[in-house]
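Here is a short tour of one protein chain, written to be read with the model open beside you.

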Amino acid sequence: MRKVLDTAAARRMAALLAAAFAPAMTLMLAACGSGPEPLSIDGAWVRLPAVPGRPAAAYFTIHGGPAPSTLIAVGSDTAIVTEMHESMADGMRPIAEVKVPAGGSVPFSPGGRHVMLIDLNRGIVPGRTVELTFTFADGTRLLRRAKAVAANAAGQ
Ligand SMILES: [Cu+2]
């Protein structure tokens with residue numbers, strides 16, 4: 001008898017809790033679905049040099065957050081020097097910063113923008129990861145892992 005009562009009480013409590021939390025859950029889900037996406041980076045990978053000792057190149061896509069932002073540096077603990085470059089018809093030139101529009105996507109991809117990794121640690125072989133630190137003008141710093149692929153690999 002006592003067991004039956006406990007079960008009924010527990011069921012009543014569960015119903016009360018569900019009624020109390022359901023509206024809050026709905027609101028939270030709505031907030032997640034409609035809110036602007038934060039500034040983010042995905043698809044990061046590094047193409048290793050064909051000749052050891054030559055620079056490697058890092059590629060990724062930046063996704064703008066609710067406000068415009070400006071990428072000012074991409075660093076790595078595994079390279080002595082890193083530089084943002086843009087490929088041109090006659091070679092490549094360094095770029096000081098990259099504007100990222102709110103909600104927009106800015107790709108760094110083969111034949112376009114890239115980050116040169118100069119004097120990359122020789123221990124980075126295909127399949128290993130390279131940590132990249134993205135620094136934005138407002139002080140935001142994002143850390144991302146990039147997979148290293150061989151010079152002749154198709155990439156990501
Ligand atoms: Cu370059």
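V106 is partly exposed, because 18 other C-beta atoms lie within 10 Å; a residue counts as buried with 20 or more other C-beta atoms within 10 Å of its own, as exposed with 12 or fewer, and as partly exposed in between, with C-beta atoms placed from the backbone. V106 sits in strand 7, residues 105-108. Helices (H or I, at least four residues) and strands (E, at least two) are DSSP runs, numbered from the N terminus.

Leaving aside neighbours within four places in sequence, V106 is in contact with I62, V98 and V100, where contact means that C-beta atoms, placed from the backbone, lie within 7 Å. V106 and G64 are 42 residues apart in sequence, yet their C-alpha atoms are 8.0 Å apart in space.

## About the model

Please keep in mind that this is a predicted model, in which local features need pLDDT of at least 70 and side-chain atom pairs count only at pLDDT 80 or more, while totals for chains, interfaces and linings use all residues. Residues are numbered from 1 along each chain as its sequence is written.

## The overall layout

The protein chain has one helix and 10 strands, and from the N terminus on the order is α-β-β-β-β-β-β-β-β-β-β. Of its 156 residues, 21% count as buried. Among contacts between residues at least 6 apart in sequence, 68% join residues at least 24 apart.

## Strand 1 and its partners

Which way do strand 1 and strand 2 run relative to each other, parallel or antiparallel? Strand 1 (residues 40-47) and strand 2 (residues 56-63) run antiparallel, joined by six bridges; two strands pair if DSSP finds at least two bridges between them.

## The largest nonpolar core

A nonpolar core is a set of buried Ala, Val, Leu, Ile, Met, Phe, Trp, Tyr and Cys residues joined through C-beta atoms within 7 Å. The largest one holds 23 residues, and V46, A57, A58, F60, L117, L132 and A146 touch the most other members. Two or more residues come from each of strand 1, strand 2, strand 3 (69-75), strand 8 (113-120), strand 9 (129-136) and strand 10. Strand 2 gives the most, with six residues.

Leaving aside neighbours within four places in sequence, A146 is in contact with A44, W45, V46, A58, F60, T129, V130 and L132.

Note on methods
Two residues are in contact if their C-beta atoms, placed from the backbone, lie within 7 Å.
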